[in-house]
Amino acid sequence: MNSDLNNLLKATSRSFYLSLRVLPAAVRPQIGLAYLLARTTDTIADTELVSVQGRLDALEALRGRILGGSNIALDFGRLTQGCALPAEKILLERVEEALRLLDQLPETDRRLVREVLRIITSGQELDLKRFDGATAASMVALETEAELDDYTYRVAGCVGEFWTRICCAHLFSDTGVDEDFLLRNGVRFGKGLQMVNILRDIPQDLRKGRCYLPRQSLAAAGLTPADLLSSGNVERFRPLYERWLSLAEAHLAAGWDYTNALPAGQFRVRLACAWPILIGVRTLRLLRQENALDNTRRVKVSRSKVYALMSRSILLYPWPSAWLGQFDREINSQTDCK
């Protein structure tokens, strides 16, 4: 991947770039390119100045090129006008360059990148169709816990599978790792990270008419999606919210098991996995301290805390018991984590 696209990744990938940067060179280009293409499809799905049908058409055109079923040149000029960030505009303008890099990958890697993008775009397409026309006054919600689980798999759990298969192929194909264990827990790893995002973004999503929390579960607690627009309903919501926080935590715990099942010599891969998990757990701690329905506050771990967490994990790696204890320490710590 050339330096320009690497800089683009840095500008668009936020905290993921920290993990990407530390990965071994043998897997960094494939994972970086997959992320870049996923970020491009996500930009298309989120460009609200274009109609839902227009975004669906653009998403289908890009998916056709990614999967190799089309060779029609892409022009996303209309979409670039609605980009929130300059880097997102550049992503759309340089999509052909990213697609050429995909074509240059070895066949096995190209197949894995295509498969994960196929699943991710299916989730983005489902999201666009499900919430078409949704507003705060006309709320649309997922119906069941199964739909929530399916959504988190499509947009994030499948990434755990992809990450595992790429790393097994290039880094530890001959080390005797339990690939089935890694695949199962890799899926949960991704789902956990997505659940953190969903639980953090509840107030903002609701004001767009989007409720990712299942209607059936809310109804069982005597709530409707519209009730969540009022921060005064937080105490009624809290028991259910705590259950979903615990689910996210359990998924991240599976991700921690995943991380520590990797060969001990794969220092870089372990760090790349550990950082989003530990940041995620710290975010869950913050969410437990805040009003989950308050639209005026958005929970975020500060950059200084992120860097401190990363530095500590590097320093602790030579001491296995101290390294392993990081997850529980993040869960149980009573100190300020902002």
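Student: How many salt bridges does the count come to?
Tutor: The count comes to 23 salt bridges. Keep in mind that this is a predicted model.

Student: What makes Arg63 and Glu60 a salt bridge?
Tutor: Their closest N and O atoms are 2.5 Å apart. The cut-off is within 4 Å, between a side-chain nitrogen of Lys or Arg and a carboxyl oxygen of Asp or Glu. So the pair Arg63 and Glu60 is called a salt bridge.

Student: Where do Arg63 and Glu60 lie?
Tutor: Both are in helix α4, residues 52–66. They are three residues apart, about one turn of the helix.

Student: Why is Arg63 called buried?
Tutor: Its relative accessible area is 12%. Buried means under 20%, so Arg63 is buried.

Student: And why is Glu60 called partly exposed?
Tutor: Glu60 has a relative accessible area of 41%. Exposed means over 50% and buried under 20%. The value for Glu60 lies in between, so Glu60 is partly exposed.

Student: How do you know that Arg63 and Glu125 meet in a salt bridge?
Tutor: The N to O distance is 3.2 Å. The limit is 4 Å, so Arg63 and Glu125 qualify. Arg63 lies in helix α4 and Glu125 in helix α8, so the pair ties together parts that are 62 residues apart in sequence.

Student: What about Arg94: why does it count as partly exposed?
Tutor: Arg94 has 22% relative accessibility. Buried would need under 20%, so Arg94 counts as partly exposed. Its side chain meets that of Glu97 in a salt bridge, 2.9 Å from N to O.

Definitions and conventions. Residues are numbered from 1 along each chain as its sequence is written. This is a predicted model: local features need pLDDT of at least 70, side-chain atom pairs count only at pLDDT 80 or more; totals for chains, interfaces and linings use all residues. Side-chain values use heavy atoms; hydrogens and water are left out. Helices (H or I, at least four residues) and strands (E, at least two) are DSSP runs, numbered from the N terminus. Buried means under 20% relative accessible area, exposed over 50%, partly exposed in between (1.4 Å probe, protein chains only).
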